[in-house]
Protein chains: 2
Amino acid sequence: MICDEVHTVSVNRRTRHGSRSRSGSSRRSQQERRSHTRQALLDAALLQIEAGESFESLSLRSVARAAGVVPTAFYRHFESMDELGLTLVEESFRTLRAMLREARDGLPPRHVIRRSVEILVEQVREHRPHFVFIVRVGYTGNTVLRHAVRSEIRLITSELATDLTRFPVLRDWTTDDLQMLAGLLVNTMISTVAAMLDAPVAAPEAEAEIAGNAERQLRLIVLGAPSWRSGPRADR
Amino acid sequence: MICDEVHTVSVNRRTRHGSRSRSGSSRRSQQERRSHTRQALLDAALLQIEAGESFESLSLRSVARAAGVVPTAFYRHFESMDELGLTLVEESFRTLRAMLREARDGLPPRHVIRRSVEILVEQVREHRPHFVFIVRVGYTGNTVLRHAVRSEIRLITSELATDLTRFPVLRDWTTDDLQMLAGLLVNTMISTVAAMLDAPVAAPEAEAEIAGNAERQLRLIVLGAPSWRSGPRADR
DNA sequence: ACAGTTAGTGGACAGTTGTACACCAATTAT
DNA sequence: ATAATTGGTGTACAACTGTCCACTAACTGT
């Protein structure tokens, strides 16, 4: 392979070799420039993952290349690929949390489930790369990244658990049972996301079916709530 | 690195350079020899994955090395790593199906849920590498392998769905609803497996907690079944 | 205006990878 | 007994990898 710099996410050339003093993209402060290529690196990695790579098959070189930057420049921003990965975890969960906040605030008294699924579908469509990343990395071989994702998810689950107490039926559940329920709901959501990501992009009917399925699953789960007796004293 | 052939899963040397005609491991038919190294390759790959690699970070060379065989010998058994991967998918699901058969036959009239979870835990402990492989590959970047795993799971889900009709409560559910329920159960099981694999090996209390959690989740799900009305006519 | 810092370049190196090729010993078939 | 097949070996090569090093243009604080 001779041609370098294919699939460039963002070129970052400045005035090179010549005299052209202040034309083109050179009108940036140093900070701007820095954060710009940093983001280009992150985006390049995310893009490659969305395109079917898994995190460990990503190479520092290919990421740098796709970001339009020389390999060694990578180190100006991240100490290693792992560090970039962790940053990506943060970034991805930032958008996920934004989604959850939206879902929580747009509390329609009844159709909670239907609306939640709708929001999920919409967000997955909008931030596909981030979701691909989370799902992929959550089961990856890289222990550091996997645990980072898992613990973020555990956190979200806990938040959901405390949030569930708003519902009258769950008013006097033990925190343990609430955690259990929240875990079940979150797992179902994650499976739904995985299914969506596996379906061909922009296939409305497949997407609708997955969403419908998710909705029914969630409905079935909450349907059991009223008749729930906690485990130990389950015999009566 | 000078030393080759570290972490050898299975050495396969025959009489080399010298005259020692028929001693040691050379008393094998050609077929035996073949299937032997073939399995060594499979085991080597599986071992590396369990040790924290993901499938795409596996190299043909390292697998061959760990199997105690020269790289080019790999091609005598598999055309590519993908083919080896597919074989591994088959192998893994063969043990999984064996487990399901066991679970189905050991039908204790009541404690179905408790017993199912017990079997799952036990099998995961016994065939850890296979489960690691399935979970890992089910979300990997490699499209071929991922889809292979997903479709196997879809198959299992369908089988479970038809099997669920044994239960009186589900007698007259639509097949669609049964699929939905089966999917929910399977997803919960998979999440449980993933959680177990993430917990430190042989940590009895963590394992027990995960198992207990799974049991309660499954119980909650089936608890909703009696009051289920299918979606479209849900208003009454 | 100038010195320092910063974000980038380019070349080099040793290690690893997939694969092509020629070869060979032992098993198997004739 | 001899020929063919098979399952393995070893060498070789080009491509790619992470990282080290010296270098430099331009932005920045003084």
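Two residues are in contact here if their C-beta atoms, placed from the backbone, lie within 7 Å. On that basis, in this predicted model, 31 residues of chain A are in contact with 31 residues of chain B.

Which helices of chain A supply at least two residues each to the side that touches chain B? They are H5 (128-137), H6 (143-163), H7 (175-198) and H8 (204-224). The most is given by H7(A), with 9 residues.

Let me turn to symmetry. Two copies of a chain are related by a rotation about an axis and a shift along it. Here chain A is superposed on chain B by a rotation of 180 degrees, with 0.0 Å of shift along the axis and an RMSD of 0.1 Å. That is the relation of a two-fold axis. Within chain A, the C-alpha nearest the axis belongs to A:Gly224, at 1.8 Å. Both copies use the same surface, since 100% of the contact residues of chain A recur in chain B.

Finally, I come to the H7 pair. The axes of H7(A) and H7(B) come within 10 Å and cross at roughly 100 degrees; the two helices are therefore roughly perpendicular to each other. From H7(A), the contact is made by A:Leu184, A:Asn187, A:Thr188 and A:Ser191, and from H7(B) by B:Leu184, B:Asn187, B:Thr188 and B:Ser191. The residues of this contact divide into 2 nonpolar and 6 polar, with no charged residue. Thank you for your attention.

Technical notes
Residues numbered from 1 in each chain as written. Chains lettered and ligands numbered in written order. Predicted model: local features only at pLDDT ≥ 70, side-chain atom pairs only at ≥ 80, totals over all residues. Helix = DSSP H or I, 4+ residues; strand = E, 2+ residues; numbered from the N terminus. Least-squares fit on C-alpha atoms with pLDDT ≥ 70 in both. Axes fitted to C-alpha atoms, helices over the stretch in contact; angles between N-to-C directions. Parallel < 35°, antiparallel > 145°, perpendicular 65-115°, else oblique. Nonpolar A, V, L, I, M, F, W, Y, C, P; charged D, E, K, R; others polar.
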